[in-house]
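The following questions and answers are intended for a student who is learning to read a protein structure. Please examine the sequence and the structure before going on.

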Amino acid sequence: MDSRSFEDSLELGGVGDRRFSSRGSPQTRTMRLLEDFKRNKSETFFPDNPLTQVNSSGYRSIDEENRQFIGNDIMHSGLARKLKGRHLQMIAISGSIGGIDANALDGIVVGTGLFIMTGQSLATGGPASMLLAYAVVGVSMYCTCHALGELAVVFPIAGSFSSWATRFIDPSWGFALGWNYALQWLVSFPVEVVAASEVVGFWNQSLPRAIFVTLFIALIITINMFGIKTYGEAEYVFAVIKITAVVGFILFGIILNCAGTPDRGYIGFEYWQDPGAFHNGFKGFCSVVLSAAFAFSGTELVGLAAAETANPRKSMPLAIKQVFWRITLFYISTVLLIGILIRYDNPRLTYSGTSDTDANASPLVIAFEEAGLQVFPSVINAVILIAVLSVANSAVFGSSRTLAALAVLRLAPRGLAYIDRKGRPLVAILIAALVGLLGYLAELPERDKVLDWLTSIGGLSGIFTWGTICACHIQFRRAWGLRGRAARDLPYRSPLGIGGSLLGLVLNICFIVSQVWVAIFPIHYAQMPRADLIKSAALKLMGVLVVLICYAVHKLVYRTRYIAARKVDVDSGRREYNVHLLEVQEGEERAVWPRWKKLYKFLC
């Protein structure tokens with residue numbers, strides 16, 4: 001490539017137009033701004049770090065029936081590769097802490113993840129069921145993330161989940177999964193905006209919610225329009241605030257348990273004896289498992305972000321290691337302390353005031369107030385607001401990248417694949433912004449009924465996505481082996497191997513089965529009116545129906561076939577690494593590290 005063509009590729013790639021100086025007249029700056037919105041015409045995945053095309057001689061990569069969905073176009077994305085390791089680590093470690101539980105218990109839509117919905121979980125299943133549920137989901141998430149890490153390093157391609165499903169399993173399943181995942185995040189955006197407007201109502205009920213809906217939509221869209229680096233920095237700040245709040249509660253909870261409240265001493269596990277460790281039996285446990293799964297949703301966004309990361313091989317393993325700390329420190333420790341400090345029959349856990357996002361329903365606030373600290377509802381409410389806006393930010397990111405990838409895979413209208421010279425999927429972001437206008441439902445008195453049905457569309461999307469990631473990893477490893485290649489040739493290998501992915505797949509299938517059972521036969525279903533029982537089942541199973549309908553329709557129209565392992569394409573879009581050389585260099589670097597650094601790098 002000569003110098004001119006190289007400069008042209010830089011100009012048209014995700015790094016911005018270089019023809020205009022950063023200084024100059026207002027007219028020049030305006031022209032430069034307008035140039036950035038033009039289509040990125042680059043014909044490589046990332047112009048400044050191209051992916052090498054390799055072939056497996058003697059093997060036919062893709063059967064002809066599915067070729068139209070699994071071509072090389074997915075490598076031609078112009079997304080900018082500007083995320084750094086610290087961005088990925090914070091996205092992984094904070095995930096969706098504080099996000100909306102779209103399929104929460106008793107039809108409540110506007111709950112808030114770890115900060116409030118743990119109270120619902122405690123009231124439903126008791127402290128032991130809640131702890132076990134989060135541990136089981138944590139195991140599933142840990143297995144899934146290692147499979148995700150391996151695939152994302154080898155294939156840092158746009159729209160990872162749907163792209164992998166289309167390539168390794170079946171284009172029809174990629175279509176169903178991709179659209180369900182995109183719809184989940186599209187709907188989450190206005191739901192989170194509504195929740196944020198209600199959180200603000202904690203301080204001022206007199207102002208119209210539409211004011212805050214407008215401000216929040218403008219803020220989130222502006223962050224995403226500034227590009228992937230601004231998104232990463234915003235998530236970094238959001239994550240620091242959320243993590244600080246959770247760590248603060250953990251430290252406070254330990255002190256409170258040991259020192260006791262003003263009117264009593266050491267608490268210990270007293271509430272596990274009276275009123276008890278379990279509530280509502282095995283069905284209560286299954287209900288809490290589902291809430292725990294929703295609380296973990298969002299971690300898989302690291303896979304989408306890998307396509308816009310400067311060095312996936314270095315950043316992804318570090319981010320995946322953070323998942324262990326997120327599971328053990330933020331979730332397991334928090335739910336354990338909540339179960340120790342609060343009785344599951346505390347009436348405030350099922351608080352039904354004017355807003356489901358009211359901090360008074362948070363188990364964190366209940367624990368603080370029982371210790372005699374009355375100022376913390378406002379503090380926790382502020383943290384909840386930051387957490388909800390963080391998930392809204394992730395919703396625009398997740399939906400826009402998935403829609404753009406579906407368009408490239410010919411599973412969505414081609415116009416959605418428009419990516420400008422700054423690496424922004426403009427049309428997809430515009431669609432997310434238009435769906436976000438549903439946030440003005442906040443002014444309607446019956447908004448919860450509408451949001452119930454909207455959120456039910458993608459209610460099980462996270463679980464389907466996790467199971468698919470595990471299945472894709474298993475299929476990839478099988479295909480990799482059939483090419484005569486060893487696992488040691490991979491730039492990053494899941495330490496859990498295929499066994500971990502099998503465990504994760506089985507657990508996610510069990511989650512879906514338990515959801516169907518609890519949806520049809522909920523707790524105390526014998527006392528529920530038939531109409532309420534049917535509505536509850538329809539809401540909780542809508543996500544399953546949407547996925548099955550999308551899969552069946554696409555299968556009937558395009559007659560796609562399951563992709564056998566011998567026909568799986570393991571080359572297109574695969575980033576080439578000199579694994580042996582990299583491992584030798586890294587080994588030499590580790591040899592001079594002090595012991596504390598070796599231990600730190602092993603753990604973090």
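**Helices, core and salt bridges**

In this predicted model, helix 16 (residues 447-456) has among its buried residues Arg 447, Leu 451, Asp 452, Leu 454, Thr 455 and Ser 456.

Q: Against which helices do the buried residues of helix 16 pack?
A: Helix 16 spans residues 447-456, and Leu 451 and Leu 454 are among the residues buried there. The partners of these buried residues are helix 6, helix 7 (209-225) and helix 19.

Q: How many helices and how many strands are there in the protein chain?
A: The chain has 604 residues, of which 59% count as buried. Its secondary structure comprises 21 helices and 0 strands.

Q: Among contacts between residues at least 6 apart in sequence, what percentage join residues at least 24 apart?
A: A contact requires heavy atoms within 4.5 Å. Among the contacts in the chain between residues at least 6 apart, the share that joins residues at least 24 apart is 83%.

Q: Which residues have the most contacts inside the largest nonpolar core?
A: The largest nonpolar core contains 147 residues. Trp 164 touches Leu 148, Phe 155 and Cys 472, among others, leaving aside neighbours within four places in sequence. The residues with the most contacts inside the core are Trp 164, Phe 168, Phe 189 and Phe 476.

Q: Is Ser 162 buried or exposed?
A: Ser 162 is found in helix 5. Beyond four places in sequence, this residue touches Gly 174, Leu 177, Gly 178, Ala 405, Leu 406 and Leu 409. A residue counts as buried when its relative accessible area is under 20%. Because the relative accessible area of Ser 162 is 2%, the residue is buried.

Q: How many residues apart in sequence are the parts that Glu 150 and Arg 477 tie together?
A: Glu 150 forms a salt bridge with Arg 477, and their closest N and O atoms are 2.8 Å apart. Glu 150 lies in helix 4 (residues 113-154) and Arg 477 in helix 17 (residues 461-482), so the parts that they tie together are separated in sequence by 327 residues.

Q: With which residue does Asp 170 form a salt bridge?
A: The closest N and O atoms of this pair are 2.4 Å apart. The pair links distant parts of the chain, with Asp 170 in the loop between helix 5 (160-168) and helix 6 (171-200) and its partner in helix 19, 385 residues apart. Asp 170 is buried, with a relative accessible area of 3%. The partner is Lys 555.

Q: Is Arg 485 buried or partly exposed?
A: Arg 485 forms a salt bridge with Asp 571, the closest N and O atoms being 3.3 Å apart. Asp 571 is buried, at a relative accessible area of 3%. The relative accessibility of Arg 485 is 22%, so this residue counts as partly exposed.

Q: How many salt bridges does a search of the whole structure find?
A: A salt bridge needs a side-chain nitrogen of Lys or Arg within 4 Å of a carboxyl oxygen of Asp or Glu. A search of the whole structure finds a total of 6.

Q: What is the area of the nonpolar surface patch that includes Val 553?
A: Val 553 is found in helix 19 (residues 530-558). Val 553 is partly exposed, with a relative accessible area of 48%. The patch is made by Leu 545, Ile 549, Val 553, Leu 556, Val 557 and Tyr 558, and its area is about 590 Å².

Definitions and conventions: Residues numbered from 1 in each chain as written. Predicted model: local features only at pLDDT ≥ 70, side-chain atom pairs only at ≥ 80, totals over all residues. Heavy atoms only, no water. Patch = residues over 30% accessible without salt bridge, like charges linked within 9 Å, V, L, I, M, F, W, Y side chains within 5 Å. Areas by Shrake-Rupley, 256 points an atom, 1.4 Å probe, with all protein chains shown as cover. Helix = DSSP H or I, 4+ residues; strand = E, 2+ residues; numbered from the N terminus. Buried < 20%, exposed > 50% of the residue type's maximum accessible area, 1.4 Å probe, protein only. Core = buried A, V, L, I, M, F, W, Y, C linked by side-chain atoms within 4.5 Å.
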